[in-house]
Amino acid sequence: MVYGTTNENGLSYAKLILFELVLKMMDPSSSDSVLNPGDVDYEFESNEVPEPLSVVDDELVPKVGMTFTTLEDAGKFYRNYAKAAGFFTRVRCTNRKGNEIKNQLITCSREGKWKSKICPTEKTNPTAGLNCPARIYIHTLKDVGAWIISKVVLDHSHPCCPSKAEMLKQHMELSMSIRRTIENNDEAGIRPSKTYQSFVAAAGGHRELNFIEKDVRNYITREVRNVSEQEDAKEFGKYFLRMKEKNPNFFFELELEEDQSIKLAFWADARSRAAFEYFGDVISFDTTYNTNRYNLVCGSFVGVNHHGQSTLLGCSLMKNEEIESFKWVLEACMPTTVHRWCIWHIMKKIPSKLNGYKGHADIEQEMSHVVWNSHSKDSFDRNWNDFLVNFGLADNKWLSDLYEDRHIWVPIYLDHHFWAGMRSTQRSESMHSFFNKYITRNSSLIQFVKQYDNCLGSREQAERESDAADFHTVIPCATKSSIEAQFQDAYTHAKFREVQAQFRGKANCITRLKNSALGYSVYEVGEQVSSSIFDKFAVTYDSVAAEVKCQCLLFESRGILCRHALSVLSFEQVSQVSPRYILERWSKKVKRRHTHIKSSHDEPLMEPRSKRFDQLVFRSQNICEFASESEELTAILHRAYDNVMAEMEALKAKRKGTSSLSHEDANLESVNELQSPPRIRTRGRPKNRLGSKLEKQIANATKKKKTKVLSEINLFDAASVAHSSCSQYQGQVINYQFRVPAAGDNSLGV
């Protein structure tokens, strides 16, 4: 056995310490015959018998004359010795002749002496340099093609401890299995701390791992997310081409600056395009999310599916929020498209706009009441005027501007259009909250599109789960009404629950016939909203046309018959509603084409070894599960593993010194010139949400020269044009009315 740490006379530090302790205990005259706790080295304060600090097997100790097939083998041998002895190494210098390495010096990491340029009184950083002499010299043997150790120094200028060597950076190793788990967890949005704790739990404690949490974080930062700004745009473009190759219906379009940097981008996968046929009638378009290192703004197009769930229909990234940028994104929308401002953003501004007034809390409450509880345009105008007079707000410019634009944000002015239940862009913001889990200010473009794929997948899965629930289960009717049974049979669970809520609300309604002639009746329905307050709604019923209309416009705006209309139908003893009130949009019986298309998901560009590893792990899981049923099966598998391992090691030894290269490369010349936008440097953490900056940008927008590249086919089979004059509110909900593109029309279709 060899002690790996010695002094100048060849005695190990462990022997010296033990020798001094024995002398003290044997000398009764010594004042130190009774040991104080402070005299005992911390390494020996244990209930266990102490071991020598650095005992190394002789086979691991480097010696002059040892030969190796490759330089890498020699370095690995010295590193293994270092781990056993309790230190770690570094390559001090390498001499070359041309491209060939002639010799190499590998030293202890504490070789040399480093002196900080910063004054110690200002800051003291830890240093490892202690002029340690331990090293080996390795030379090439040109004639035999091998490497030989020509000089060895085993002495160290410092103590070495194998138990602490495990914490040294060089000896912390992430195996292939660990690396793949980290990569998969990072893509799934699992935090590094949780990933590390899962390793600890699987291993049975921290001491059983040969790496720490910081290694997991460093691997994610340096390997998983390490995309240079020069390569980021190219990978972004290659991603689009890969998706297009997998499914020709994948659509994307880019607009570049004169320096070939990305200015605008839009894409939609094949499933989203197919879903647009069914759910593209109402879309929320929101640009209040700031995405990544380039300060690009995400514009998400979000629709509502037949379960009332948010579904992604497309995504855009914009370098700025000038008018030209919005035109580029929305250029295929018709002028007849109906836009509405996000009422949530407007109501959110009330405290900041009106907090200078006395009793601003009462002002906010009253304004909210006027907006939400005016059931006709005339009543809104009267209530708004009374509100301004009562609080002395007639001269407030912000409120005056809002009133002028009331037709694009006040519910009563918009509810005669179908909005699928949307009144705000909060559906888009729910997508933003999803991105917030995975995207940071340092995220790259390629990271963003991959997480967008994850978001698509999560939305697809939610829809599939709801479809399965609709197919296998039934929600019972809450009443004996045959009309309720109609909706039970036709609607998805989520929408049928909304219908049932209206049936329950019918109990609070009192129906009174005002007049009737030739089968056309006018009713007044009073709804008790509190113990002493009744809201009144005018409802008409045409028995000839089997048509019912309510002043609240719930059916027109949400596609759900309101409790007031249901009260009138009950009063008229109608047993079945007209098919016009059972919307196909909410039906669970319609076969929709997009449900047969998978959402886009980019397969990771792994090196061949990683691919082979994943394939082997996948196959071995079934074998291990089968073998774990009994001890006998487990023993058979162990023997098989031993035999296979011996065979593989023999083959590897036979092929030692040879190498093979496997590389997959695509001819993607069309994106090789792409450049990333300039990276935005900010102080502190930038906000993900954008505020009123858009107002200033749109007001000062100027037209710039555009260069279109990579133009593809129409995004959808129907298109429309949107021109927005919104200068105050970023979020929009858009009701689209479509046209069929004219022949030769290659515009972006949204």
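Colleague: What is the relative accessible area of Glu-556, and how do I put a word to it?

Modeller: Glu-556 has a relative accessible area of 24%, so the word is partly exposed. Keep in mind that this is a predicted model, where local features need pLDDT of at least 70, side-chain atom pairs count only at pLDDT 80 or more, and totals for chains, interfaces and linings use all residues. Residues are numbered from 1 along each chain as its sequence is written, and side-chain values use heavy atoms, with hydrogens and water left out.

Colleague: Where does Glu-556 sit, and which residues does Glu-556 contact beyond its sequence neighbours?

Modeller: Glu-556 belongs to helix α20, residues 554–558. Helices here are DSSP runs of H or I with at least four residues, strands are runs of E with at least two, and both are numbered from the N terminus. Contact means heavy atoms within 4.5 Å. Setting aside neighbours within four places in sequence, Glu-556 is in contact with Asp-415, His-416, His-417, Phe-418 and Lys-549. The C-alpha atoms of Glu-556 and Trp-419 lie 8.3 Å from each other, although the two residues are 137 positions apart along the chain.

Colleague: What does phi look like at Ala-420?

Modeller: Most residues other than glycine have a negative phi. Ala-420 has a positive one, near 55°. Ala-420 lies in the loop between α15 (411–414) and α16 (426–436), and with a relative accessible area of 3% Ala-420 is buried.

Colleague: And what are the phi and the accessibility of Ala-546?

Modeller: Ala-546 also has a positive phi, near 55°. Ala-546 is in the loop between β16 (534–542) and β17 (547–550). Its relative accessible area is 31%, which means that Ala-546 is partly exposed.

Colleague: Now to helix packing. At what angle do α12 and α13 pack?

Modeller: Axes are lines fitted to C-alpha atoms, for helices over the stretch in contact, and the angle between N-to-C directions runs from 0 to 180 degrees. Helix α12 (residues 360–372) and helix α13 (residues 377–390) pack at about 170°, with axes 9 Å apart.

Colleague: What about α4 and α6: how do their axes cross?

Modeller: The axes of α4 (residues 176–187) and α6 (residues 213–224) come within 11 Å and cross at roughly 75°, so these helices are roughly perpendicular to each other. Arg-179, Ile-182, Glu-183 and Asp-186 of α4 meet Val-216, Tyr-219, Ile-220 and Val-224 of α6. That contact has five nonpolar, no polar and three charged residues.

Colleague: Is Gln-451 buried or exposed, and which polar contact does its side chain make?

Modeller: Gln-451, in helix α17 (residues 445–472), has a relative accessible area of 7% and is therefore buried. A polar contact is a pair of N or O atoms within 3.5 Å; within protein, one must be able to donate a hydrogen and the other to accept it, and residues adjacent in sequence count only if both atoms are side-chain atoms. The side chains of Gln-451 and Asn-454 make one of 2.8 Å.

Colleague: Last, what share of the whole protein is buried?

Modeller: Of its 750 residues, 42% count as buried. The protein has 24 helices and 19 strands. Among contacts with a separation of 6 or more, 67% are between residues 24 or more positions apart.

Key: Parallel < 35°, antiparallel > 145°, perpendicular 65-115°, else oblique. Nonpolar A, V, L, I, M, F, W, Y, C, P; charged D, E, K, R; others polar. Buried < 20%, exposed > 50% of the residue type's maximum accessible area, 1.4 Å probe, protein only.
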